[in-house]
Amino acid sequence: MRTGVKVGVFAAALAATFGAAYGAGNAVDPVVDGTGTRHGQHAAGSEEERGADAHGEHGEGAAESGAAGRGAATPGGPQVAERGYTLDLKDLKKSDIKAKAPAELRFAIVRDGTGRPVTAYQQEHGKELHLIVASRDLTVYRHLHPTRAADGTWSTPVELPAAGGYRVFADFTPKGEKEGLTLGSDLAVTGSAERTELPEHATTATVDGYDVRLDGHLVPGKPGELSLRVTKDGEPVRDLQPYLGAYGHLVALRAGDLAYLHVHPNGEPGDGRTKPGPEVSFTATAPSKGTYRLFLDFRHKGTVRTAAFTVHAGGGR
């Protein structure tokens, strides 16, 4: 299977705050995060932060990264506009998203110069667009697949557990483009906010009765092998189910500026060599040393679960 890493960087000055099947009626995979909470597989919003260049996945091997071609040494992605495309959070007010309350995120990918939403996309791992929502303290994470209407507007419900700053990442490839993009925008969730410290470095995580062990290291500037082993009740899980065409998906976010890495596994179901667990392996390149939060999505017995880890690349913190 192709291996890709999507990397994006967001201005550190904002550190105080932090696809989809066409049409409606798609089945929803239940999702369980590291707290054991179940979430629907469909997403929320705030003020846009426009990058300095505003308005102006995957390949064989880990060297191909970012929007299908950015190397780890040249991060890009979480800016709201890039290469003539803009992420437009539609009709969003600061008071629209409240902690612990159902809400809807509506957005469009707009082609600069025309103001028209993009309506044709290439599929990546079975979806036209992948949406990541993460809190700036990296304790909340959602991997969502919104629904696109005929006019190019995407929508998805979301319920976020805590007030504070979030970042939204849209990961997609417009039809006709050779390289994909990752665009981002800020999202404010209102309510009583409390600062949560990033969990300490750990190589094991438990979610919904499953234990996941991380082996390997994120290495700054060069590919590193990561292997995640899934067990339940002390027994290896050897019947992981395909999720978006793979036995696992891994996202890494760098603490502070939220550099964004989307890592796909080595091998795929049905290739004759990749087993359905208990190990899922990845190749990833960290853009720099620092502290990263890793989120592994895996599916077993019809439910998608997310295991989270805090790791240090290159000894950085």
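Strand β17 is joined to strand β20 (residues 290-300) by 6 bridges, and the two strands run antiparallel; strands are DSSP runs of E with at least two residues, numbered from the N terminus, and two strands pair if DSSP finds at least two bridges between them. The model is predicted, so local features need pLDDT of at least 70 and side-chain atom pairs count only at pLDDT 80 or more, whereas totals for chains, interfaces and linings use all residues. Residues are numbered from 1 along each chain as its sequence is written, and side-chain values use heavy atoms, with hydrogens and water left out.

Within this pairing, Arg254 stands opposite Tyr292 in β20. Strand β17 (residues 249-254) is mostly covered, with 6 of its 6 residues buried, where buried means under 20% relative accessible area, exposed over 50% and partly exposed in between (1.4 Å probe, protein chains only). In a regular strand the side chains alternate between the two faces of the sheet. In β17, His249, Val251 and Leu253 point one way, while Leu250, Ala252 and Arg254 point the other way, and all are buried.

The protein chain as a whole comes to 0 helices and 21 strands; helices would be DSSP runs of H or I with at least four residues. Of its 317 residues, 53% count as buried. The accessible surface comes to about 13100 Å², of which 48% belongs to carbon and sulfur atoms, as given by the Shrake-Rupley method with a 1.4 Å probe; for residues, only the protein chains shown count as cover.

The count of aromatic pairs comes to 6. Rings of Phe, Tyr and Trp (its six-membered ring) pair if their centres lie within 6.5 Å; planes under 30 degrees apart count as stacked, over 60 as edge-to-face and the rest as tilted. Phe107 and Trp154 form a stacked pair, at 6.3 Å centre to centre and with 10 degrees between the planes. This pair links distant parts of the chain, Phe107 in strand β5 (residues 103-111) and Trp154 in strand β10 (residues 153-158), 47 residues apart. Phe107 is buried, with a relative accessible area of 1%, and Trp154 is buried at 0%. The rings of Phe169 and Tyr260 are also stacked, because their centres are 4.6 Å apart and their planes are at 10 degrees. Phe169 lies in strand β11 (residues 164-172) and Tyr260 in strand β18 (residues 260-263), 91 residues apart. Both Phe169 and Tyr260 are buried. One aromatic cluster is formed by Phe107, Tyr121, Trp154 and Phe172.
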